[in-house]
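Please walk through the structure shown here with an eye to how one of its chains is built and how that chain meets its partner.

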Amino acid sequence: MANVDIKEIVLIATIIFLLAPTFLVLYVNLYNQRKKRHIEEKALLEARFQQELLKTQVEMQEQTLNHISREIHDNVTQVLSFVKLNLAIPANATPKQAEQKISESRNLVAQVINDLRNLSKSLSYEHILQLGLVQTIEIEVERVNKSGIINIELAVGGYAHSLGEDRELVLFRIFQEGLNNALKHSGAQKLKVSLDYFDHLFNLTIHDNGKGFLADEQNNRGSGLRNIVNRAALIGAVAVIDSAPGKGCCIKIAIDPFTQNPHANGNHHSLS
Amino acid sequence: MFRYLTINISVEIICLLTAFVCLKKNSGKAWLSMIPFLSMICLTEFGGKYLKMIYLQDPVHNLPNSWLYNILLIFQALFISLHFKYLIGNYVNSKPLIYCGLALTTMLYIYELYDHGIYKYNNLTNTVLSVQFISYSLYYYYNLLKADSYVNLKFSPGFWWVTGILFFCFGTIIGSLFYYKLSPILISSKVYLTTYIYITLNIILYSCWSYSFICKKWQMSTSKK
């Protein structure tokens with residue numbers, strides 16, 4: 001009987017001695033495994049974010065090149081051709097006529113130089129990094145307004161500050177995407193763009209007065225709107241796209257500037 | 001000679017030999033310090049066994065071996081605390097914590113020596129030291145998990161070294177707390193239950209330490225490549 005008691009005591013003592021640290025060590029191991037998974041997921045998201053960022057940069061470069069090509073073809077080449085014709089002064093032209101032609105040509109060349117200068121400043125990736133989001137959008141708005149295709153009203157509220165280079169690049173890309181959608185599909189005459197800076201919130205709103213569309217159609221409207229939502233999620237922002245037939249389209253991007261994990265929730269779809 | 005080779009001493013010698021084989025100069029001072037420390041433990045165990053045999057032969061004219069283990073306690077506190085200082089120091093500044101712990105141990109040790117002399121084992125110091133080592137172990141785990149980088153625990157020398165200490169100290173504390181209940185229990189005609197408990201704890205401690213030395217050797221050979 002005493003032997004049985006001793007065995008029981010040995011068993012209980014051993015359990016007490018070993019159980020607590022065993023559980024502790026198992027818990028540490030389990031937590032460590034979770035940490036490993038978390039690190040792997042984070043690395044994956046980081047890689048996806050970098051890929052998207054690269055894609056965005058490439059798209060922007062493509063767009064810039066297209067823009068430059070269009071400008072050269074539609075503007076610079078035309079004006080220079082005119083200058084060439086202008087300078088082909090006939091032999092019987094009077095000095096006054098020749099002087100007038102030369103003066104006209106000088107003005108045209110000055111205009112071309114000016115246009116080329118503006119072109120060189122326009123929309124390069126480095127430009128956004130240098131000037132910041134607000135100024136880059138202002139330049140873009142000015143350029144589009146000059147073309148007369150659409151009238152854009154830009155409003156900046158609050159104290160404008162940097163949101164971080166990567167975020168600003170993605171936000172600018174979203175703005176471009178919204179602008180392209182308005183130009184290509186909406187038939188809008190007016191576009192309101194507002195940038196609102198608050199202490200813990202930044203809002204980018206793009207509102208057109210175009211023909212609009214049904215909310216159900218959003219998923220079938222090409223990759224443009226989907227890109228906006230995905231890109232917003234990439235930088236930890238929320239994109240809300242609101243539209244109805246005849247009521248235009250409103251794209252709202254909201255982001256907390258202090259979000260530390262911009263590439264989190266990369267698959268997030270917040271179309272409403 | 002063989003009558004000195006108890007299970008405890010055998011396990012300690014195996015651990016010492018593993019340390020000799022696995023720990024090289026480039027393992028760092030903290031790990032290398034394990035070799036003199038384990039040598040000291042082995043020598044103390046031999047000495048302790050010898051003194052115990054003499055004492056059992058003539059308890060009237062001889063003294064028990066507690067004084068020898070009281071001396072070992074100083075080195076235990078020093079070597080283990082400094083190793084914790086190195087391990088926790090990989091994550092945070094561990095100096096204040098370790099030095100405070102050592103100061104507390106010193107005060108308790110002196111108090112106990114003053115209270116009952118060197119010939120009685122310093123149980124209070126030993127128990128408080130175990131509590132300190134458990135706290136250090138938990139703090140080490142906390143920092144290990146909090147760190148951004150991932151460490152494969154299967155092959156982490158630090159983790160296994162700390163795990164050995166954690167098991168041993170948990171056992172020591174519970175053993176000390178229930179000492180008066182457990183110590184009279186005899187498993188066989190001559191062997192007490194506490195003996196088995198301490199043998200089990202020693203086996204766990206030195207197995208974990210031996211494995212941690214092996215991990216350290218793997219780590220060193222991997223980092224060389």
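Predicted model: local features only at pLDDT ≥ 70, side-chain atom pairs only at ≥ 80, totals over all residues.

When the contacts in chain B between residues at least 6 apart in sequence are considered, 69% of them join residues that are at least 24 apart.

One helix pair can be followed in detail. Helix α3 of chain B, spanning residues 34–57, packs against helix α4 of chain B, spanning residues 66–89, at an angle of about 165 degrees and with the two axes 10 Å apart. Because an angle over 145 degrees counts as roughly antiparallel, α3(B) is described as roughly antiparallel to α4(B). The crossing by which α3(B) passes α4(B) is left-handed. On the α3(B) side the meeting residues are B:F37, B:M40, B:I41, B:T44, B:G47, B:G48 and B:L51, while α4(B) contributes B:L68, B:Y69, B:L72, B:F75 and B:F79. Sorted by class, this contact between α3(B) and α4(B) comprises nine nonpolar and three polar residues, with no charged ones.

From this pair we turn to the other chain. Contact between the chains involves 17 residues of chain B and 18 residues of chain A. On the side of chain B that touches chain A, at least two residues each come from α6 (123–146), α7 (157–177) and α9 (193–224), and α7(B) gives the most, with six residues. The residues on this side of chain B divide into 14 nonpolar and three polar, and no charged residue is found among them.

The helix α7(B) deserves a look of its own. Its 21 residues reach 30 Å from the first C-alpha to the last, close to the 30 Å expected at 1.5 Å a residue. α7(B) is also mostly covered, with 17 of its 21 residues buried.

Although B:K154 and B:S212 are separated by 58 residues in sequence, their C-alpha atoms are 9.7 Å apart in space.

Notes: Residues numbered from 1 in each chain as written. Chains lettered and ligands numbered in written order. Axes fitted to C-alpha atoms, helices over the stretch in contact; angles between N-to-C directions. Helix = DSSP H or I, 4+ residues; strand = E, 2+ residues; numbered from the N terminus. Parallel < 35°, antiparallel > 145°, perpendicular 65-115°, else oblique. Left-handed = near helix turned anticlockwise from the far one by under 90°. Contact = placed C-beta atoms within 7 Å. Nonpolar A, V, L, I, M, F, W, Y, C, P; charged D, E, K, R; others polar. Expected span 1.5 Å × (residues − 1). Buried ≥ 20, exposed ≤ 12 C-beta atoms within 10 Å, placed from the backbone.
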